[in-house]
Amino acid sequence: MGIINLLPENLINQIAAGEVVERPASVVKELIENSIDAEATEIIIDVEDGGRRLIRVSDNGCGMSREDALLSIQRHATSKIREVSDLFNISTLGFRGEALPSIASVSKLRLTTVPKGSTFGTSIRVEGGKELEVIDSGGPVGTSMEVRELFFNTPARLKFMKSTTTEMSHITSTVTRMAISYPYIRFIYNHNGSQIYNLPSSKDLLSRICKLIREDDKNLIEVSLNSKISVSGYVSGPEINRPTQRETYIFVNGRFVRDRVVLHAVMDAYRTVMEKDRYPLAFLFLDVPPMDVDVNVHPAKTEVRFRNTDEIHRAVYAAVSEALKGWTARKGSGQWSVGTGRSDEFQTPDSNYQDRVSEAIGKYATSNSSAFGPIPSPTLYPSGHKPLKGREFFPLHQGEGQGEGGVVGFFSSLTVLGRVSGTYIICSRGNDLCLIDQHAAHERVAFERLKAIRNDSTPASQTLLIPETVELNPSETGLLKDYTEVLTKAGIELEHFGGNTFVIKAVPTILTRKDVKGLIKDIVDELAHMERSQSLKEIMDRLFSRMACHSAIEGGDYMDPAEIKALLRDLDSIDFSSNCPHGRPVFVMLSQFEIEKMFGRR
Ligand code: ADP
Ligand code: MG
């Protein structure tokens, strides 16, 4: 007697559901895709309790005959492909014939459908994959899929579901992607009876995008490249950016995908115009000949494989760069043009950099002035020699960095020679050269200050003279509501004003001069990426790091000699002064030896 069994159909479906139906948002995605494939022009999504209790997607698409409706919940039943060759020429969103049987096997499903040209139709009830009822039904042409109690018969999966807020935020992201991808379809999306989106059918992609992400259309630049691979859509100017790539939307032949090659190409186009670790808004539609892209590499179809990735990279890079070039010219200020915003001239010379940093700190941080010997005179460039364009130099009096009682910290002991690219402070120490990133340095100081206060109490906060109102989207609203208490601890006082509006009443003193709205947006983004399991300390650290970034002086901002001096002193007063809170270096040392090596003298 053998020990190998053929698995029963329902078990196979449940296994497939493990891949296709990861969470409520995956159900929403599959159902909307089916409605789009059925050529619906209106899709209504009703969700209760983050999709745990109910997900209902109703459309005015072509509907199904009774025969088809019964087949649709069978495994590998699809109207979209017939033979192998079809697999390489797919123009629909679905094709695997897996979604409905998978969903039906792990939920209580009611499918109601009326086919085109008919006034009556069919209603089918399935529970945990078992067909319970097939009856006549009436109503308008189209299909309604009602999924109740997802994972009711798979306790392990049920346990993995996150809070209503989290699940809802995933569903909102899914609906958002679909709505961006199909502006001509009217979308209505309700959660627990309240309307979240009501998006009229529109020919205009830009207005659909702006409605969804609440961004001014003036901040988006059109992208348009027509070649074998066409790239169209919108990207943001470099000054509108986010701390994550969450708002980089890529659609390949109408399908939302996460693709490393495309993401990389987008970032490459922004490399010289945007601060590191910031990401643009992007809504890019790639039209690739179906022959050149394999969409059948992932059960949830969120990944694709391109036949020629170089070609894709080149097209996306060219399209986005071209759009940005036009934008730079339009802005006229030259501020964003390549090369002046940041300098690539001083790169970390080698990977031993960290070691040298620790060594430098270890050697000097606790020393006093006598151990240094005389502080060398500033090495000024020859008189009469004009500074290069975009650079500014000014000498500081030697020995200015000396602290009280003759104890000089490492940073205070540096002789400041000037600044380059408006961002890097150039210093010498003996015969060595030291470059300091003013933003990273400032950020680290602010971060340590915020953290130090936390150890005692809440950071000193200051009531805003005019409270700021911030508009968020529904899932962001949920997040901010959940974390209100934590934010109060971090010194941010806010109040839910109703709807998706918050009023910011107070922020930590160190932030009062800065863009409060931008800060709240960044904080929400940070919260969205936080795991529920994170400790309060981790959460606070991440919030403080975000706040520090906001309070810090920017690369490119002017700093006068006194401010530089104060910054160096501040650096001496904190721990971890070698890197900013995001891990980027605060300063780079080049020893005389290394400089000589560069000039071939060694
Ligand atoms: P796939 O979309 O991969 O074909 P599904 O399991 O999602 O597989 O759906 C099976 C079939 O059911 C589809 O091929 C389609 O013919 C039919 N179907 C599903 N949803 C709808 C709908 N909303 N309107 C009309 N037909 C539908
Ligand atoms: Mg489908």
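Helices here are DSSP runs of H or I with at least four residues, strands are E runs of at least two, and both are numbered from the N terminus. The axes of helix 6 and helix 7 come within 9 Å and cross at roughly 165°; axes are lines fitted to C-alpha atoms, for helices over the stretch in contact, and angles run from 0 to 180 degrees between N-to-C directions. Helix 6 and helix 7 are therefore roughly antiparallel (over 145 degrees; under 35 is roughly parallel, 65 to 115 roughly perpendicular, the rest oblique).

I note that this is a predicted model, in which local features need pLDDT of at least 70, side-chain atom pairs count only at pLDDT 80 or more, and totals for chains, interfaces and linings use all residues. Residues are numbered from 1 along each chain as its sequence is written, chains are lettered from A and ligands numbered from 1 in the order written, and side-chain values use heavy atoms, without hydrogens and water.

I listed the contact (heavy atoms within 4.5 Å): T176, A179 and I180 of helix 6 meet L205, R208, I209 and L212 of helix 7. By class I get five nonpolar, one polar and one charged residues there (Ala, Val, Leu, Ile, Met, Phe, Trp, Tyr, Cys and Pro are nonpolar, Asp, Glu, Lys and Arg charged, the others, Gly among them, polar).

Next I took helix 2 against helix 6. Their axes come within 8 Å and cross at roughly 20°, which makes helix 2 roughly parallel to helix 6. This crossing is right-handed. From helix 2, P24, A25, V28, K29, I32, E33 and I36 touch E167, H170, I171, T174, V175 and M178 of helix 6. I sorted the residues of this contact into eight nonpolar, two polar and three charged.

Then I checked helix 13 (residues 474-482), which packs on helix 6 (residues 164-181) at about 160°, with the axes 8 Å apart. That makes helix 6 roughly antiparallel to helix 13. The crossing of helix 6 and helix 13 is left-handed. T165, M168, S169 and T172 of helix 6 make the contact with P474, S475, G478, L479 and D482 of helix 13.

Which element gives the largest share of the lining of the second largest pocket? I found helix 6, with ten residues. The volume of this pocket is about 1300 Å³. Of its 50 lining residues, S169, H170, S173, R177 and R246 are the closest to the centre. I count 16 nonpolar, 15 polar and 19 charged residues in the lining.For the pocket I used a 1 Å grid over the protein atoms alone and a 1.4 Å probe, a pocket being an open set of points with protein on both sides within 12 Å along at least five of seven lines, and lining residues having an atom within 4 Å of a point. The volume is the space filled by probe spheres set on the points, joined across faces, edges and corners.

Technical notes
Left-handed = near helix turned anticlockwise from the far one by under 90°.
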